[in-house]
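Here are some notes to read alongside the model, kept as numbered points.

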Amino acid sequence: MSKLKLVACAAIISLLSIQPYAAAQEEDDKDQPKVTRASKNLPELVLGSKEDIYAVNQKDFELVAGQGYRWKITSAGGLEYKFATDLFRNVWMNQIIIDDLEVHMNGAPAWLEFDAEGTINVQFTTVRPGEYTWSVPDLADKGMKGKIIIK
């Protein structure tokens, strides 16, 4: 067999072996939400309520790597809540907004502290896939904790 025929056969075989992989990759991509340039709103996280100071409206959140997000975190229970998460160390932090005042970040905050009822809006872009936790450390045993999964 000449070298030209041998190279042509090798090229055809390699192309045929790539086809199933590409099709499988396309199937996997169909299950993943599309990353957009615009930031998406996450469901608001509400800490406490008038009826139950330890209530949390949602514990788990699912995000997509590379996507920008806006996340409202609200204190509604009348207690002092210290919101801590390892997520902030694994995202690109854009800004934190409190009463229309913007704090632009050059690093992650250690925690967000609510001394009174109100809302803090955090805007960030996910960077590292993984599973992260959030909690109100002194009240985690009362159920004020959850997970944030970045796929």
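This is a predicted model: local features need pLDDT of at least 70, side-chain atom pairs count only at pLDDT 80 or more; totals for chains, interfaces and linings use all residues.

1. Residues are numbered from 1 along each chain as its sequence is written, and side-chain values use heavy atoms, with hydrogens and water left out.

2. The protein chain has one helix and eleven strands, these being DSSP runs numbered from the N terminus (helices H or I, at least four residues; strands E, at least two).

3. Of the 151 residues, 33% count as buried, that is, under 20% relative accessible area with a 1.4 Å probe, protein chains only. Among contacts (heavy atoms within 4.5 Å) between residues at least 6 apart in sequence, 74% join residues at least 24 apart.

4. Gly118 lies in strand β9 (residues 118-126) and is partly exposed, at a relative accessible area of 26%, since that class runs between 20% and 50%. Leaving aside neighbours within four places in sequence, Gly118 is in contact with Ile73, Thr74 and Ser75.

5. Strand β10 (residues 130-135) pairs with β5 (residues 81-85) in the antiparallel sense over two bridges, pairing being defined as at least two DSSP bridges between two strands; here Ala84 stands opposite Ser135. Strand β10 also runs antiparallel to β11 (residues 145-150), joined by six bridges, with Gly130 opposite Ile150.
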